[in-house]
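Please look over the sequence and the three-dimensional model shown here before reading on.

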Amino acid sequence: MNSASGQLSSAKAELPTQVAVVMGSDSDLETLKPAIEVLTHFGLNAEVRILSAHRTPLEMMKFAQEAEKNGLKVIIAGAGGAAHLPGMIASLTTIPVIGVPVKSQSLSGVDSMYSILQMPGGIPVATVAIGGGLNAGLLAAQILGTFNSKINKQVAQYRQSMHNQVVSKDKKIQALGAIEYLSQK
Ligand code: RP5
């Protein structure tokens with residue numbers, strides 16, 4: 001496995017699909033891609049859907065209302081602008097929803113972030129950073145890992161690998177000095 005920003009290898013999916021990655025538009029897919037990749041790396045299949053709170057509200061409702069029956073345990077929902085998708089899904093199911101604010105063109109995702117973050121008391125959405133697809137995938141794996149030691153171990157290994165990479169970079173910068181380090185970067 002490579003670093004958080006690098007390419008991830010894929011493990012063969014063995015478990016039934018327990019995670020959904022839902023987005024308001026296919027223009028959100030690049031933002032959600034790291035979530036799908038990291039889940040695949042952990043051997044977790046994701047149901048990937050394009051469901052818009054505004055353009056396809058009835059399909060979104062059907063998905064959310066049937067999510068539990070369909071075996072889903074975590075839903076990652078990404079949207080941009082007036083980003084009501086994560087909150088609306090959260091209002092229709094008790095399955096934990098992780099919201100991903102997509103960086104919008106006009107307001108750089110601040111609109112998406114506030115739309116997803118500022119939920120009324122009683123209906124939580126766990127919101128990651130603007131463009132935080134990777135952390136959404138990791139958080140979903142961590143939630144599933146609470147009940148599955150194999151997934152939990154994989155998440156721990158992922159962190160160990162990141163740790164090792166930073167330690168090795170620290171050693172290198174100490175050995176080379178900052179300017180030479182930069183020139184080799
Ligand atoms: C939202 O509107 C989507 O989540 C997307 O981020 C944004 C723009 O959608 P498109 O116009 O690119 O389809 O519903």
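This is a predicted model: local features need pLDDT of at least 70, side-chain atom pairs count only at pLDDT 80 or more; totals for chains, interfaces and linings use all residues.

Residues are numbered from 1 along each chain as its sequence is written, and side-chain values use heavy atoms, with hydrogens and water left out.

The chain has 7 helices and 5 strands, where helices (H or I, at least four residues) and strands (E, at least two) are DSSP runs numbered from the N terminus. Read from the N terminus, the order of the elements is β-α-β-α-β-α-β-α-β-α-α-α. Along the principal axes, the C-alpha atoms occupy a box of roughly 60 × 40 × 30 Å.

| Helix pair | Angle | Axis separation |
|---|---|---|
| H2 (residues 57–66) and H3 (residues 85–92) | about 45° | 8 Å |
| H1 (residues 29–41) and H5 (residues 133–145) | about 35° | 6 Å |
| H5 and H6 (residues 149–176) | roughly 140° | within 7 Å |

Helices H2 and H3 pack at an angle of about 45°, which makes H2 oblique to H3; angles under 35 degrees count as roughly parallel, over 145 as roughly antiparallel, 65 to 115 as roughly perpendicular and the rest as oblique. H2 passes H3 in a right-handed crossing, the near helix being turned clockwise from the far one by less than a right angle. Contact (heavy atoms within 4.5 Å) involves Met60, Met61, Phe63, Ala64 and Gln65 of H2, together with Leu85, Met88, Ile89 and Leu92 of H3.

The crossing of H1 and H5 is right-handed. On the H1 side the contact includes Pro34 and Val38, and on the H5 side it includes Gly137 and Ala141. By class, this contact of H1 with H5 has 8 nonpolar, 3 polar and no charged residues, where Ala, Val, Leu, Ile, Met, Phe, Trp, Tyr, Cys and Pro count as nonpolar, Asp, Glu, Lys and Arg as charged, and the others, Gly among them, as polar.

H5 also packs with H6, and the axes of H5 and H6 cross at roughly 140°, so these two helices are oblique to each other. The crossing of H5 and H6 is left-handed.

Around the ligand lie Gly24, Ser25, Ser27, Asp28, Arg55, Ala79 and Gly80, each with a heavy atom within 4 Å of the molecule. Polar contacts are pairs of N or O atoms within 3.5 Å. A polar side-chain atom of Asp28 is 2.5 Å from a ligand oxygen atom, and a polar side-chain atom of Arg55 is 2.8 Å from a ligand oxygen atom. For Gly80, a polar backbone atom lies 3.0 Å from an oxygen atom of the ligand.

Conventions:
Axes are lines fitted to C-alpha atoms, for helices over the stretch in contact, and angles run from 0 to 180 degrees between N-to-C directions. A polar contact is a pair of N or O atoms within 3.5 Å; within protein, one must be able to donate a hydrogen and the other to accept it, and residues adjacent in sequence count only if both atoms are side-chain atoms.
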